[in-house]
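This briefing is intended for a reader who is meeting the structure for the first time. Please keep the model in view while reading the points below.

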Amino acid sequence: MDQFISAFLKDSSEKNLQKLSVEFLPHYSSLISKAGGMLSPETLNCIQKALQEGKLTDMVSQIQKALAAAEDASLKIAVIGESGAGKSSFINALRGLSHEAEESAGVGVVETTMHRTPYQHPKYPQVTFWDLPGTGTPNFLPDTYLEKVGFADYDFFIIISSSRFSLNDALLAQKIKDVGKKFYFVRTKVDSDLYNEEKTKPTTFKKKRVLQKIRDYCLANLSDVGVSEPRIFLISNFDLADFDFPKLEETLLMELPGHKRHTFALLLPNISDASIEIKRRFLKEKIWLEALKSAAVSFIPLMPFVSGFDLPQQEQCLKDYRNYFGLDDESIKEIAEKLDTSVEDMRGRLKCLDFWSLVKDDSMPAKVMKGTESFYAVMGGPESSVIQGFKVYILCLRFLDTVADDAKHLLKMI
Ligand SMILES: Nc1nc2c(ncn2[C@@H]2O[C@H](COP(=O)(O)OP(=O)(O)O)[C@@H](O)[C@H]2O)c(=O)[nH]1
Ligand SMILES: [Mg+2]
(Lines give C-alpha, C1' and ligand atoms only; values in the text may rest on other atoms or scores of the structure.)
(Ligands and ions follow the chains in the order given, each with its own letter.)
Protein backbone atom coordinates (compact mmCIF):
# COMPACT_ATOMS: atom_id res chain seq x y z
CA MET A 1 0.00 0.00 0.00
CA ASP A 2 1.20 3.46 -0.84
CA GLN A 3 2.61 5.24 2.19
CA PHE A 4 1.33 8.65 1.28
CA ILE A 5 -2.25 7.49 0.79
CA SER A 6 -2.14 5.42 3.98
CA ALA A 7 -0.93 8.43 5.93
CA PHE A 8 -3.66 10.49 4.34
CA LEU A 9 -6.38 8.01 5.29
CA LYS A 10 -5.08 7.66 8.81
CA ASP A 11 -5.61 11.25 9.72
CA SER A 12 -7.37 14.00 7.83
CA SER A 13 -6.73 16.65 10.47
CA GLU A 14 -5.47 20.05 9.34
CA LYS A 15 -2.13 19.37 10.95
CA ASN A 16 -1.60 16.11 9.10
CA LEU A 17 -2.71 17.60 5.78
CA GLN A 18 -0.13 20.35 6.22
CA LYS A 19 2.52 17.76 6.86
CA LEU A 20 1.39 15.86 3.76
CA SER A 21 1.51 19.02 1.67
CA VAL A 22 5.25 19.12 2.38
CA GLU A 23 5.66 15.44 1.53
CA PHE A 24 3.52 15.59 -1.59
CA LEU A 25 6.12 16.74 -4.15
CA PRO A 26 8.96 14.45 -3.03
CA HIS A 27 6.57 11.50 -2.97
CA TYR A 28 5.18 12.32 -6.39
CA SER A 29 8.72 12.65 -7.80
CA SER A 30 9.59 9.21 -6.48
CA LEU A 31 6.64 7.71 -8.37
CA ILE A 32 7.29 9.14 -11.81
CA SER A 33 10.06 8.44 -14.32
CA LYS A 34 12.87 10.91 -14.82
CA ALA A 35 11.20 12.04 -18.05
CA GLY A 36 8.46 13.54 -15.84
CA GLY A 37 4.88 12.70 -15.00
CA MET A 38 1.51 13.83 -16.23
CA LEU A 39 0.91 16.67 -13.78
CA SER A 40 2.03 20.13 -14.85
CA PRO A 41 4.00 22.27 -12.38
CA GLU A 42 0.88 24.47 -11.97
CA THR A 43 -1.30 21.47 -11.09
CA LEU A 44 1.30 20.22 -8.64
CA ASN A 45 1.33 23.63 -6.97
CA CYS A 46 -2.45 23.73 -6.77
CA ILE A 47 -2.64 20.26 -5.20
CA GLN A 48 0.04 21.14 -2.70
CA LYS A 49 -1.76 24.37 -1.80
CA ALA A 50 -5.09 22.57 -1.47
CA LEU A 51 -3.50 20.13 0.99
CA GLN A 52 -1.87 22.93 2.91
CA GLU A 53 -5.16 24.77 3.28
CA GLY A 54 -7.15 21.60 3.89
CA LYS A 55 -9.31 22.23 0.82
CA LEU A 56 -9.90 18.66 -0.24
CA THR A 57 -12.61 19.57 -2.75
CA ASP A 58 -10.04 21.69 -4.61
CA MET A 59 -7.58 18.83 -4.55
CA VAL A 60 -10.15 16.41 -5.97
CA SER A 61 -11.08 18.81 -8.75
CA GLN A 62 -7.42 19.40 -9.67
CA ILE A 63 -6.74 15.67 -9.90
CA GLN A 64 -9.94 15.10 -11.84
CA LYS A 65 -9.06 17.86 -14.29
CA ALA A 66 -5.54 16.50 -14.80
CA LEU A 67 -6.79 12.94 -15.36
CA ALA A 68 -9.40 14.14 -17.86
CA ALA A 69 -6.83 16.28 -19.71
CA ALA A 70 -4.47 13.32 -20.00
CA GLU A 71 -7.31 11.11 -21.20
CA ASP A 72 -8.34 13.60 -23.90
CA ALA A 73 -4.86 14.62 -24.99
CA SER A 74 -4.29 14.32 -28.70
CA LEU A 75 -0.88 14.25 -30.32
CA LYS A 76 0.01 15.44 -33.80
CA ILE A 77 3.54 14.71 -34.90
CA ALA A 78 4.94 16.17 -38.12
CA VAL A 79 7.63 14.23 -39.97
CA ILE A 80 9.47 16.28 -42.57
CA GLY A 81 12.16 15.28 -45.03
CA GLU A 82 13.14 14.61 -48.60
CA SER A 83 11.89 11.62 -50.54
CA GLY A 84 13.79 8.49 -49.53
CA ALA A 85 14.94 9.88 -46.17
CA GLY A 86 12.92 7.27 -44.26
CA LYS A 87 9.82 9.22 -43.18
CA SER A 88 7.36 6.46 -43.99
CA SER A 89 9.56 3.86 -42.32
CA PHE A 90 9.90 6.03 -39.20
CA ILE A 91 6.14 6.57 -39.03
CA ASN A 92 5.44 2.85 -39.45
CA ALA A 93 7.96 1.98 -36.74
CA LEU A 94 6.30 4.35 -34.27
CA ARG A 95 2.89 3.01 -35.19
CA GLY A 96 4.20 -0.47 -34.42
CA LEU A 97 3.45 -1.62 -37.96
CA SER A 98 5.52 -3.70 -40.32
CA HIS A 99 5.88 -2.33 -43.83
CA GLU A 100 3.72 -5.17 -45.03
CA ALA A 101 0.80 -4.29 -42.79
CA GLU A 102 -2.25 -3.08 -44.64
CA GLU A 103 -2.49 0.26 -42.85
CA SER A 104 1.23 1.01 -43.11
CA ALA A 105 2.64 4.01 -44.97
CA GLY A 106 4.04 3.00 -48.35
CA VAL A 107 7.80 2.58 -48.08
CA GLY A 108 10.15 3.26 -50.98
CA VAL A 109 7.45 5.22 -52.80
CA VAL A 110 8.97 8.13 -54.67
CA GLU A 111 7.16 11.28 -53.61
CA THR A 112 6.29 13.82 -56.23
CA THR A 113 3.61 15.83 -54.45
CA MET A 114 3.61 18.31 -51.61
CA HIS A 115 0.49 16.82 -50.04
CA ARG A 116 0.66 15.99 -46.37
CA THR A 117 -0.73 12.61 -45.37
CA PRO A 118 -2.09 11.72 -41.93
CA TYR A 119 -1.40 8.30 -40.39
CA GLN A 120 -3.39 7.45 -37.32
CA HIS A 121 -1.89 5.22 -34.66
CA PRO A 122 -3.75 1.90 -34.89
CA LYS A 123 -4.14 1.56 -31.12
CA TYR A 124 -4.38 5.21 -30.12
CA PRO A 125 -6.66 7.08 -32.52
CA GLN A 126 -5.87 10.35 -30.75
CA VAL A 127 -2.31 10.13 -32.10
CA THR A 128 -1.64 11.12 -35.70
CA PHE A 129 1.63 11.23 -37.57
CA TRP A 130 1.75 13.58 -40.50
CA ASP A 131 4.00 12.73 -43.42
CA LEU A 132 5.10 16.07 -44.83
CA PRO A 133 7.00 15.48 -48.06
CA GLY A 134 8.22 17.94 -50.61
CA THR A 135 11.15 19.67 -48.93
CA GLY A 136 13.45 18.27 -51.63
CA THR A 137 11.32 19.23 -54.61
CA PRO A 138 12.32 22.19 -56.80
CA ASN A 139 9.14 24.13 -56.05
CA PHE A 140 9.65 23.97 -52.27
CA LEU A 141 9.34 27.40 -50.69
CA PRO A 142 10.42 27.54 -47.04
CA ASP A 143 8.67 30.88 -46.57
CA THR A 144 5.22 29.54 -47.26
CA TYR A 145 5.66 25.83 -46.50
CA LEU A 146 4.75 25.92 -42.83
CA GLU A 147 1.64 28.01 -43.48
CA LYS A 148 0.64 25.60 -46.18
CA VAL A 149 0.93 22.51 -44.01
CA GLY A 150 -0.83 24.20 -41.08
CA PHE A 151 2.10 24.34 -38.65
CA ALA A 152 -0.07 25.34 -35.69
CA ASP A 153 -1.66 21.88 -35.72
CA TYR A 154 1.45 19.97 -34.70
CA ASP A 155 2.89 19.29 -31.28
CA PHE A 156 6.43 18.99 -32.62
CA PHE A 157 8.40 18.43 -35.81
CA ILE A 158 10.85 15.67 -36.68
CA ILE A 159 13.18 16.68 -39.49
CA ILE A 160 14.57 13.55 -41.12
CA SER A 161 17.54 12.97 -43.37
CA SER A 162 19.45 9.87 -44.38
CA SER A 163 22.53 11.78 -45.51
CA ARG A 164 23.26 15.46 -45.00
CA PHE A 165 20.72 17.99 -43.86
CA SER A 166 19.94 20.56 -46.53
CA LEU A 167 19.63 24.30 -46.50
CA ASN A 168 15.89 23.78 -46.76
CA ASP A 169 15.95 21.69 -43.56
CA ALA A 170 17.83 24.49 -41.81
CA LEU A 171 15.47 27.17 -43.07
CA LEU A 172 12.53 25.12 -41.92
CA ALA A 173 14.05 24.55 -38.50
CA GLN A 174 14.50 28.30 -38.12
CA LYS A 175 10.91 28.94 -39.13
CA ILE A 176 9.61 26.25 -36.77
CA LYS A 177 11.55 27.90 -33.97
CA ASP A 178 10.17 31.33 -34.93
CA VAL A 179 6.60 30.06 -34.58
CA GLY A 180 7.42 28.73 -31.12
CA LYS A 181 7.37 25.01 -31.88
CA LYS A 182 9.95 22.33 -31.15
CA PHE A 183 11.93 20.37 -33.72
CA TYR A 184 14.34 17.46 -33.60
CA PHE A 185 16.82 16.33 -36.25
CA VAL A 186 16.81 12.61 -36.94
CA ARG A 187 19.53 11.01 -39.06
CA THR A 188 18.24 7.65 -40.32
CA LYS A 189 19.90 4.57 -41.84
CA VAL A 190 22.96 4.52 -39.57
CA ASP A 191 22.74 0.72 -39.72
CA SER A 192 23.56 0.80 -43.40
CA ASP A 193 26.38 3.35 -42.86
CA LEU A 194 27.90 0.96 -40.32
CA TYR A 195 27.46 -1.99 -42.63
CA ASN A 196 29.15 -0.17 -45.51
CA GLU A 197 32.04 1.01 -43.37
CA GLU A 198 32.66 -2.46 -42.04
CA LYS A 199 32.60 -3.93 -45.53
CA THR A 200 35.04 -1.38 -46.91
CA LYS A 201 37.37 -1.09 -43.88
CA PRO A 202 37.14 -4.44 -42.09
CA THR A 203 40.41 -4.14 -40.19
CA THR A 204 40.07 -0.59 -38.85
CA PHE A 205 36.28 -0.55 -38.40
CA LYS A 206 35.05 0.72 -35.01
CA LYS A 207 31.32 1.18 -34.53
CA LYS A 208 31.66 3.97 -32.00
CA ARG A 209 34.05 5.92 -34.18
CA VAL A 210 31.81 5.66 -37.24
CA LEU A 211 28.80 6.88 -35.27
CA GLN A 212 30.80 9.79 -33.88
CA LYS A 213 31.90 10.68 -37.39
CA ILE A 214 28.29 10.74 -38.61
CA ARG A 215 27.28 12.87 -35.63
CA ASP A 216 30.13 15.34 -36.14
CA TYR A 217 29.39 15.50 -39.83
CA CYS A 218 25.69 16.29 -39.21
CA LEU A 219 26.61 18.91 -36.61
CA ALA A 220 29.11 20.60 -38.93
CA ASN A 221 26.71 20.35 -41.82
CA LEU A 222 23.87 21.97 -39.84
CA SER A 223 26.06 24.68 -38.43
CA ASP A 224 27.21 25.40 -42.01
CA VAL A 225 23.62 26.06 -42.98
CA GLY A 226 23.03 28.22 -39.93
CA VAL A 227 21.56 26.03 -37.17
CA SER A 228 23.42 26.50 -33.92
CA GLU A 229 23.60 23.68 -31.38
CA PRO A 230 21.14 21.37 -33.08
CA ARG A 231 19.99 18.22 -31.36
CA ILE A 232 20.60 15.25 -33.61
CA PHE A 233 19.47 11.68 -33.04
CA LEU A 234 21.08 8.88 -35.04
CA ILE A 235 18.69 6.00 -35.61
CA SER A 236 17.91 2.92 -37.65
CA ASN A 237 14.27 2.45 -38.51
CA PHE A 238 15.00 -1.26 -38.65
CA ASP A 239 16.29 -1.42 -35.10
CA LEU A 240 14.76 1.16 -32.78
CA ALA A 241 16.32 -0.34 -29.65
CA ASP A 242 19.78 0.55 -30.86
CA PHE A 243 21.50 3.94 -31.35
CA ASP A 244 19.76 7.18 -30.25
CA PHE A 245 16.11 6.23 -30.53
CA PRO A 246 15.67 5.63 -26.77
CA LYS A 247 17.23 9.04 -26.13
CA LEU A 248 14.88 10.61 -28.67
CA GLU A 249 11.89 9.03 -26.89
CA GLU A 250 13.00 10.32 -23.54
CA THR A 251 13.69 13.82 -24.88
CA LEU A 252 10.30 14.03 -26.55
CA LEU A 253 8.57 12.85 -23.39
CA MET A 254 10.41 15.34 -21.28
CA GLU A 255 9.62 18.26 -23.56
CA LEU A 256 5.94 17.55 -24.06
CA PRO A 257 3.44 19.24 -21.76
CA GLY A 258 2.46 16.97 -18.84
CA HIS A 259 -1.02 16.06 -20.03
CA LYS A 260 0.35 14.87 -23.42
CA ARG A 261 3.11 12.77 -21.92
CA HIS A 262 0.77 10.03 -20.87
CA THR A 263 -0.48 9.57 -24.45
CA PHE A 264 3.05 9.55 -25.84
CA ALA A 265 4.29 7.11 -23.20
CA LEU A 266 1.57 4.64 -24.12
CA LEU A 267 2.66 4.43 -27.73
CA LEU A 268 6.32 3.77 -26.97
CA PRO A 269 7.27 0.48 -28.59
CA ASN A 270 8.46 -2.20 -26.13
CA ILE A 271 12.05 -1.98 -27.32
CA SER A 272 13.80 -2.19 -23.98
CA ASP A 273 13.25 -2.70 -20.26
CA ALA A 274 13.64 1.07 -19.92
CA SER A 275 10.77 1.87 -22.27
CA ILE A 276 8.54 -0.72 -20.60
CA GLU A 277 9.42 0.84 -17.26
CA ILE A 278 8.52 4.35 -18.47
CA LYS A 279 5.12 3.10 -19.59
CA ARG A 280 4.59 1.29 -16.29
CA ARG A 281 5.41 4.46 -14.33
CA PHE A 282 2.87 6.53 -16.25
CA LEU A 283 0.13 3.97 -15.75
CA LYS A 284 1.05 3.62 -12.10
CA GLU A 285 0.86 7.38 -11.69
CA LYS A 286 -2.66 7.28 -13.07
CA ILE A 287 -3.72 4.52 -10.65
CA TRP A 288 -2.15 6.45 -7.78
CA LEU A 289 -3.93 9.67 -8.68
CA GLU A 290 -7.25 7.82 -8.90
CA ALA A 291 -6.60 6.31 -5.45
CA LEU A 292 -5.59 9.64 -3.95
CA LYS A 293 -8.71 11.19 -5.37
CA SER A 294 -10.85 8.40 -3.86
CA ALA A 295 -9.14 8.84 -0.51
CA ALA A 296 -9.86 12.57 -0.55
CA VAL A 297 -13.44 12.05 -1.68
CA SER A 298 -14.06 9.75 1.28
CA PHE A 299 -13.40 12.67 3.63
CA ILE A 300 -15.72 15.08 1.86
CA PRO A 301 -19.26 14.91 3.20
CA LEU A 302 -21.93 14.32 0.57
CA MET A 303 -19.40 13.76 -2.20
CA PRO A 304 -20.53 10.67 -4.10
CA PHE A 305 -17.94 7.95 -3.99
CA VAL A 306 -17.88 5.75 -7.05
CA SER A 307 -15.80 2.66 -6.62
CA GLY A 308 -17.66 0.12 -8.71
CA PHE A 309 -15.14 -2.34 -10.02
CA ASP A 310 -17.06 -5.44 -10.90
CA LEU A 311 -15.74 -8.50 -12.66
CA PRO A 312 -16.29 -7.28 -16.24
CA GLN A 313 -14.54 -4.02 -15.34
CA GLN A 314 -11.64 -5.92 -13.82
CA GLU A 315 -11.33 -8.03 -16.93
CA GLN A 316 -11.40 -4.90 -19.07
CA CYS A 317 -8.71 -3.28 -16.92
CA LEU A 318 -6.35 -6.23 -17.43
CA LYS A 319 -7.20 -6.26 -21.13
CA ASP A 320 -6.34 -2.57 -21.42
CA TYR A 321 -2.95 -3.06 -19.78
CA ARG A 322 -2.20 -6.04 -22.00
CA ASN A 323 -3.11 -3.92 -24.98
CA TYR A 324 -0.84 -1.05 -23.87
CA PHE A 325 2.09 -3.43 -23.59
CA GLY A 326 1.41 -5.34 -26.80
CA LEU A 327 0.25 -8.49 -25.02
CA ASP A 328 -3.31 -8.53 -26.36
CA ASP A 329 -4.69 -11.80 -27.78
CA GLU A 330 -3.82 -10.94 -31.35
CA SER A 331 -0.24 -9.93 -30.52
CA ILE A 332 0.24 -13.06 -28.41
CA LYS A 333 -0.80 -15.15 -31.40
CA GLU A 334 1.69 -13.34 -33.64
CA ILE A 335 4.48 -13.64 -31.07
CA ALA A 336 3.80 -17.37 -30.63
CA GLU A 337 4.10 -17.81 -34.39
CA LYS A 338 7.31 -15.81 -34.44
CA LEU A 339 8.75 -17.98 -31.65
CA ASP A 340 7.52 -21.08 -33.43
CA THR A 341 5.42 -22.15 -30.47
CA SER A 342 1.74 -22.38 -29.49
CA VAL A 343 -0.51 -19.90 -27.69
CA GLU A 344 -0.97 -22.62 -25.05
CA ASP A 345 2.76 -22.61 -24.46
CA MET A 346 2.66 -18.81 -24.08
CA ARG A 347 -0.03 -19.23 -21.42
CA GLY A 348 2.43 -21.24 -19.40
CA ARG A 349 5.05 -18.52 -19.69
CA LEU A 350 3.02 -15.34 -19.18
CA LYS A 351 1.16 -14.73 -15.93
CA CYS A 352 -0.97 -11.91 -17.33
CA LEU A 353 -2.91 -14.33 -19.52
CA ASP A 354 -4.50 -15.95 -16.47
CA PHE A 355 -7.05 -13.45 -15.22
CA TRP A 356 -8.52 -15.75 -12.59
CA SER A 357 -5.32 -16.47 -10.75
CA LEU A 358 -4.66 -12.73 -10.60
CA VAL A 359 -8.03 -11.83 -9.09
CA LYS A 360 -8.20 -14.81 -6.77
CA ASP A 361 -5.16 -13.95 -4.73
CA ASP A 362 -5.48 -14.73 -1.03
CA SER A 363 -3.06 -12.04 0.04
CA MET A 364 -5.43 -9.36 -1.22
CA PRO A 365 -7.69 -8.88 1.84
CA ALA A 366 -4.64 -8.69 4.09
CA LYS A 367 -3.07 -6.02 1.91
CA VAL A 368 -6.24 -3.96 1.82
CA MET A 369 -6.56 -4.23 5.60
CA LYS A 370 -2.99 -3.18 6.15
CA GLY A 371 -3.35 -0.01 4.14
CA THR A 372 -6.66 1.03 5.55
CA GLU A 373 -6.79 -0.45 9.06
CA SER A 374 -7.01 2.80 10.95
CA PHE A 375 -9.69 3.98 8.62
CA TYR A 376 -11.52 0.69 8.75
CA ALA A 377 -12.27 1.11 12.42
CA VAL A 378 -13.92 4.48 11.93
CA MET A 379 -15.65 4.04 8.62
CA GLY A 380 -17.10 0.58 8.95
CA GLY A 381 -16.76 -2.89 7.57
CA PRO A 382 -15.33 -4.38 4.44
CA GLU A 383 -18.22 -3.12 2.34
CA SER A 384 -17.35 0.50 3.05
CA SER A 385 -16.58 2.49 -0.05
CA VAL A 386 -13.00 3.20 1.01
CA ILE A 387 -12.18 -0.46 1.40
CA GLN A 388 -13.72 -1.14 -2.00
CA GLY A 389 -11.68 1.70 -3.46
CA PHE A 390 -8.50 0.16 -2.14
CA LYS A 391 -9.28 -3.19 -3.60
CA VAL A 392 -9.43 -1.43 -6.96
CA TYR A 393 -6.08 0.21 -6.30
CA ILE A 394 -4.33 -3.01 -5.33
CA LEU A 395 -5.85 -5.04 -8.13
CA CYS A 396 -4.98 -2.46 -10.80
CA LEU A 397 -1.42 -2.31 -9.54
CA ARG A 398 -1.17 -6.09 -9.58
CA PHE A 399 -2.48 -6.24 -13.18
CA LEU A 400 -0.08 -3.52 -14.25
CA ASP A 401 3.00 -5.02 -12.60
CA THR A 402 2.22 -8.49 -13.94
CA VAL A 403 1.75 -7.23 -17.49
CA ALA A 404 4.90 -5.06 -17.39
CA ASP A 405 6.99 -7.94 -15.98
CA ASP A 406 5.62 -10.25 -18.67
CA ALA A 407 6.48 -7.69 -21.34
CA LYS A 408 10.08 -7.60 -20.08
CA HIS A 409 10.20 -11.40 -19.93
CA LEU A 410 8.92 -11.60 -23.49
CA LEU A 411 11.45 -9.07 -24.70
CA LYS A 412 14.22 -11.34 -23.42
CA MET A 413 12.63 -14.36 -25.11
CA ILE A 414 12.41 -12.57 -28.45
N1 LIG B 1 19.01 0.52 -43.87
C2 LIG B 1 18.00 1.34 -43.64
N3 LIG B 1 17.10 1.60 -44.61
C4 LIG B 1 16.07 2.42 -44.35
C5 LIG B 1 15.90 3.04 -43.09
N6 LIG B 1 14.81 3.80 -43.13
C7 LIG B 1 14.28 3.64 -44.36
N8 LIG B 1 15.03 2.84 -45.11
C9 LIG B 1 14.82 2.45 -46.51
O10 LIG B 1 14.92 3.63 -47.31
C11 LIG B 1 13.98 3.62 -48.36
C12 LIG B 1 13.08 4.86 -48.29
O13 LIG B 1 12.34 4.80 -47.11
P14 LIG B 1 10.92 5.51 -46.93
O15 LIG B 1 10.50 5.26 -45.55
O16 LIG B 1 10.00 5.15 -48.03
O17 LIG B 1 11.33 7.06 -47.10
P18 LIG B 1 10.40 8.33 -47.38
O19 LIG B 1 10.42 8.54 -48.87
O20 LIG B 1 11.07 9.46 -46.68
O21 LIG B 1 9.05 8.03 -46.87
C22 LIG B 1 13.20 2.33 -48.23
O23 LIG B 1 13.78 1.37 -49.08
C24 LIG B 1 13.44 1.92 -46.78
O25 LIG B 1 13.37 0.52 -46.58
C26 LIG B 1 16.89 2.76 -42.07
O27 LIG B 1 16.87 3.27 -40.94
N28 LIG B 1 17.90 1.91 -42.40
MG1 LIG C 1 7.19 8.08 -47.88
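D340 is located in the loop between α14 (329-338) and α15 (343-349). In this predicted model, D340 has a positive phi of about 60° although it is not a glycine. With a relative accessible area of 72%, D340 is exposed, because that value lies over the 50% cut-off.

**Other loop residues**

- K189 also has a positive phi of about 60°, and it is not a glycine.
- The position of K189 is in the loop between β5 and α8 (190-200).
- K189 has a relative accessible area of 35% and is therefore partly exposed, as the value falls between the cut-offs of 20% and 50%.
- G226 belongs to the loop between α9 (207-224) and β6 (232-234).
- The relative accessible area of G226 is 55%, so this residue counts as exposed.
- G226 and A170 are 56 residues apart along the chain, and their C-alpha atoms are separated by 6.7 Å.

**The chain as a whole**

- The protein chain contains 18 helices and six strands.
- Its C-alpha trace spans about 75 × 50 × 40 Å along the principal axes.
- The chain has 414 residues, of which 50% count as buried.
- The accessible surface of the protein chain amounts to about 20400 Å², and 52% of this surface belongs to carbon and sulfur atoms.
- Considering contacts between residues at least 6 apart in sequence, 69% join residues at least 24 apart.
- The protein chain carries 52 positive and 57 negative charges, and the mean positions of these two sets are 4 Å apart.

- Strand β4 covers residues 156-161, and six of its six residues are buried.
- Strand β1 (residues 75-81) pairs with β4 in the parallel sense over five bridges.
- Helix α7 (residues 167-178) forms a right-handed β-α-β unit together with β4 and β5.

- Strand β2 (residues 117-120) and strand β3 (residues 127-132) run antiparallel and are joined by four bridges.
- Y119 stands opposite F129 in β3.
- The hairpin that joins β2 to β3 passes through six residues.

**Helix α18**

- K412 lies in helix α18, which comprises residues 385-413.
- K412 is exposed, since its relative accessible area is 66% and the cut-off for exposed residues is over 50%.
- K412 and Y184 are 228 residues apart in sequence, and the distance between their C-alpha atoms is 31 Å.

Terms used
Residues are numbered from 1 along each chain as its sequence is written. Chains are lettered from A and ligands numbered from 1 in the order in which they are written. This is a predicted model: local features need pLDDT of at least 70, side-chain atom pairs count only at pLDDT 80 or more; totals for chains, interfaces and linings use all residues. Side-chain values use heavy atoms; hydrogens and water are left out. Helices (H or I, at least four residues) and strands (E, at least two) are DSSP runs, numbered from the N terminus. Buried means under 20% relative accessible area, exposed over 50%, partly exposed in between (1.4 Å probe, protein chains only). Contact means heavy atoms within 4.5 Å. Accessible areas come from the Shrake-Rupley method with a 1.4 Å probe; for residues, only the protein chains shown count as cover. Lys and Arg count as positive and Asp and Glu as negative; His and the chain ends are not counted. The place of a charge is taken as NZ of Lys, CZ of Arg, CG of Asp or CD of Glu. Two strands pair if DSSP finds at least two bridges between them. A crossover is right-handed if, with the strands pointing away from the viewer, the path from the first strand over the helix to the second runs clockwise.
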